[in-house]
Amino acid sequence: MTALTATTTPVRPLTPATPRRRHFPVGKTVVSFVLLPFCVVMIFPFIWMVLTSIRDQNTVFGGSFIPTSINFHGYATAWTSIGFPLHFWNSLWITTVTVLGVSLLAALSGYAFAKLDFPLKNVLYLLLLTTLMMPATALIIPLYLELKAFGLLDNQLGLLILYISSSAPFSMFLMRAFFETLPDALVEAARVDGAGELRIFWQVLLPLARPGIATVVIFQFLQTWNEFLMANTILQNPDRLPLQPVLFSLMGQYATDWPALTAGLTLSIIPVVVVYVRMQNQFVAGMTLGAVK
Amino acid sequence: MTTSAAPQAMVARGSLPAHGRGRAKRGALKRSQRIAGYLFVLPTLVLFLAFVGWPILRAIYLSLTQWSGFGAARFIGGANYLRMIADPVAQHAFLVTLIFTAVTTVVQTVVGLVLAVLVNGVWNKVGVVVRTILFIPGIVSFVVSGVLWTLIYDPNIGTLNRFLGAVGLESLQHAWLADHSTALACVIIVSIWGAVGMSMLIIFAGIQGIDPGLYEAAEVDGAGLWQRFRHITVPGLQPVLGIVISLGLLNGFKVFDIIYVMTQGGPNHATEVFGTYLYKMAFGTTSGGLPQLGYASAFSVVVMIMCILAVIAQMALTRRNDE
Amino acid sequence: MDHHLPSVAGTPLPRRSLLKAALGGAAALGASSVLAACGGNNSPSSSGSGSGGNAGGNPATVRLWTWYGEQKDEFPKLIDAFQAKYPNIKVENRLFGTPDQYLPVLQAAVAGGDVPEIFAPHTRALSYGTGGVSADLKKDLGDSFLTDFFDSANQEYTLDGKQYAIGWMAQTFGLFYNPDLMSKAGVDAASLQTWDDLIGAAPKFKAAGTSGVALSCSPTTSSFDFFLPLLTQISDDPTFFLRLDKQDGLTWEDPTVVKAIELTKRIVDAGVFQPGTTGTSGNQVEQIFYTQKSAMLFNGSWTPQGLIQSAPKDFVKKFKVMKNPALAAGKKHWTANQAGAGLAVSETSKNKDAALTFLKFIYDPQMYSQTMNNSNSMPSTKSAAAKITNAFMKEMTSWLLQGEGCPHIPFGNGTVAAGDPLSQIFEGKGQPADVAKQMQAAVKTAGG
């Protein structure tokens, strides 16, 4: 029996069942040394952003880094001058419905590509992936003309359909990979048990793909919440616009109201952070095994 | 009882059917699989064909025309592509696109992997905070990131030069986004900054799918940190790493927002990529009063071809590694 | 002893019921919102109900699409006043942030055949005109309406006897300066009449630890704001650029152009500008000026409004403006009238008449002058020019009235691409004759 070598922090998923190992404090310090400066670099622009949102417009540039006087005019302007609540609500419901629609479609099709066998499978897969391959700026006018033909212009429903159609393949891409990490044996055993395909998907595999679904939810929420070009172009009546296009209109060509803009951006980040943190609960290690044991 | 050879093998419940019945049953199973397969994919496929596939076809058609966005499009065959080959700006943009994509993909993937592994080792409660902080750059759109970083890079009042000056490193001060030698690197850094959180998250999720039992067994066998990483983590992350690399390539070839917001492809095309060039042709003022939507579409078709090749290459490589 | 699979026939997993509940709830939420969206689509903003939409006649909607943030507070006031007078006409104001946010949307609407009733034409003014997208306002508004505008503003949008847009805000360029920094450097602003004067003053600014002139060259169209007037100064011909823009008997390799590049190079090499002009955006260049990193600022007449909003209050009180230098003493400065902020009318919309009614309303001399004064903007009409209240606007507009104005907007195919090779000069590289050749080649390549 070889003795256990002294190690730095072992790379080990978080499993409550595994007994804690004692490791040298050196490990934690090393990790901290690497992670800490990284974290600072990561969020520095946002620190600037939040600080700017609480200062006077006249002190944004040229003033000190930490504002000497704090006020919330920026938030007041952002809230009132662009109709923040209305557009926030538009974004919220459009994004929520998109995320749910996409999650369902992506889970179904991702599972099919990962675990089911049918002719032309790879061809269809590649075909669906072409969604990710064209720059959005090249597609915006064809998309506009398409929605016009369907009579869905200037209509939030039209935007929804567009979002779901163009986002599902990417999430499908993710879900397929996650389903592929799950053992085929599970599916086969359930088949042997006499379960129908839909049941196998819904009751056996899907619950085990939690990290995958959580990832999809995070990304889809993020992507839809931040989407600008399609919403800006498809919707004409300003009342129907979601938040991003309206926020960006605060960015003028020559002059920008920085406190208002950064305040609006800060407020708009909050839902995404909330979704992200909530979804983190789904990242529990050994999920696949835990259920199976 | 579990076998340890196949990591996640299970013992099936119930008795095995006899051969004859088995074949018929397998046939029926295959058929129900096929039906299920098509049915599951159907909604996604239908929506795709209607709202993605058709516009893509239209864009491809546009690439064969000359069109200003009003009136009729004039069919000119492959003239746009010939023009692209002769266009020095397009040639340069091709090179910059490749460099941008290669660097961002490699760095994002590697750094994402390292971060995911590190974060995985940090103890529980702090873990969520750290993961959130690392992910925050990706939470805003690249337009916002571009605006924020442009201010940081500002040669006169930006934080970077001010910081360098404060610590006595004035000689390192540059007009970051205006200088040919630094502009592309600066933009690449911002792109990686915004994307590494996503890579980290995907890889981190992938790590959760690896059986902790493998690590325990390896530790018992005396495997060190690096060996566990190399022989358990990396192979276990294969499909997920494939995703991250594919995404890096696709997003790199298509890149537009971050570069346009920061440099508009300048100075003098130092950061010009296909995405920015095609935007200028379609919506910018480069072509004066007349947008060149046909020429712009030709670029988008070339980008699409590059993406298809990248995905096929990645799929082929993964399959080869599986064998 | 057997290990159970999660039983397919057994108790439903909590996850599944959660998912079900979530889907159900979302479906209800989505359904109600979808119904609301469908219901909300009843107001026909695009297809234009009613024919013609005459004032006082059938109801009509006029869409106003611009990025003119200067009037973001004024437009709602104008619209309220208008709708009070014409209750049958609804005006929908859509204010975009920047042209980049605006142009794809405009072009999509044009491609779809549904052009907004009133829109900012940007550089598309002439091509949309000849393409039948925007209306001939000479015909629709009449000469008596148009005579009040500055000649250059009208000429800019005129082609073959038809005028396809009218000026909303005029623009001139000038040299803003900070008297405190000027005296610190020992430079008298009044003495800077020619480029040679400015070049001579450059070392003094350096000695005082400040940049001379802050200039924005990003995007390259901004560098044109500085460069193109030099062409007019050297050729002393206000039609020179108009012909160059259309490549009408002139190319960028013309000796005048080469001379202008040489002059620019002399100015750049003398260290007049701040470092990194090619990376300085419109937003940033003002910041440099009001954070006192430069003594002067070459920028347009939109600057005072921006400074009032963003600069420290004591700075706002002290800065001043003067004409950009001339080629030699006594020669014209050609401060450039870029009436780039114009308004065009959709030719094809069913609500065209309502749109014209709205236009006439907002250009009513009283209304228009008030709007321009409230937003510290430069008007495009002579009558409003006479009633300007803001000191800076008054000063800069007077230059137009003195005949120093000349349009310098690159409408032509590919013209803007010439700015890319030109940026080398601003970086301190390149030989003028060579750069001129590259500029011509770039224009040809981009023009297609």
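This is a predicted model: local features need pLDDT of at least 70, side-chain atom pairs count only at pLDDT 80 or more; totals for chains, interfaces and linings use all residues.

**A residue and its neighbours**

Me: Which helix does A:Ala138 lie in? And is A:Ala138 buried or exposed?

Reply: A:Ala138 belongs to helix α5 of chain A, which covers residues 136-150. To judge burial, count the other C-beta atoms within 10 Å; 20 or more make a residue buried. A:Ala138 has 31 of them, so it is buried.

Me: How do I read the packing of α7(A) and α8(A), and at what angle do they pack?

Reply: Look at the angle and the spacing of the axes. Helix α7 (residues 184-192) and helix α8 (residues 197-205) of chain A pack at about 125°, and their axes are 10 Å apart. The two helices are therefore oblique to each other, and their crossing is right-handed.

Me: Which residues of α7(A) and α8(A) meet?

Reply: From α7(A) come A:Leu186, A:Val187, A:Ala190 and A:Arg191, meeting A:Ile200, A:Val204 and A:Leu205 of α8(A). Sorted by class, this contact has six nonpolar residues, one charged and no polar ones.

Me: What domains is chain C divided into?

Reply: Domain 1 of chain C takes in 60-171 + 339-401, and domain 2 takes in 173-336 + 413-447. Their C-alpha centres lie 28 Å apart. Domain 1 of chain C gives 12 residues to the contact and domain 2 gives 10. On the domain 1 side, five are nonpolar, five polar and two charged.

Methods: Residues are numbered from 1 along each chain as its sequence is written. Chains are lettered from A and ligands numbered from 1 in the order in which they are written. Axes are lines fitted to C-alpha atoms, for helices over the stretch in contact, and angles run from 0 to 180 degrees between N-to-C directions. Helices (H or I, at least four residues) and strands (E, at least two) are DSSP runs, numbered from the N terminus. Angles under 35 degrees count as roughly parallel, over 145 as roughly antiparallel, 65 to 115 as roughly perpendicular and the rest as oblique. A crossing is left-handed if the near helix is turned anticlockwise from the far one by less than a right angle, and right-handed if clockwise. Two residues are in contact if their C-beta atoms, placed from the backbone, lie within 7 Å. Ala, Val, Leu, Ile, Met, Phe, Trp, Tyr, Cys and Pro count as nonpolar, Asp, Glu, Lys and Arg as charged, and the others, Gly among them, as polar. A residue is buried if 20 or more other C-beta atoms lie within 10 Å of its own, exposed if 12 or fewer, and partly exposed in between; C-beta atoms are placed from the backbone. Domain bounds come from an automatic or database domain assignment.
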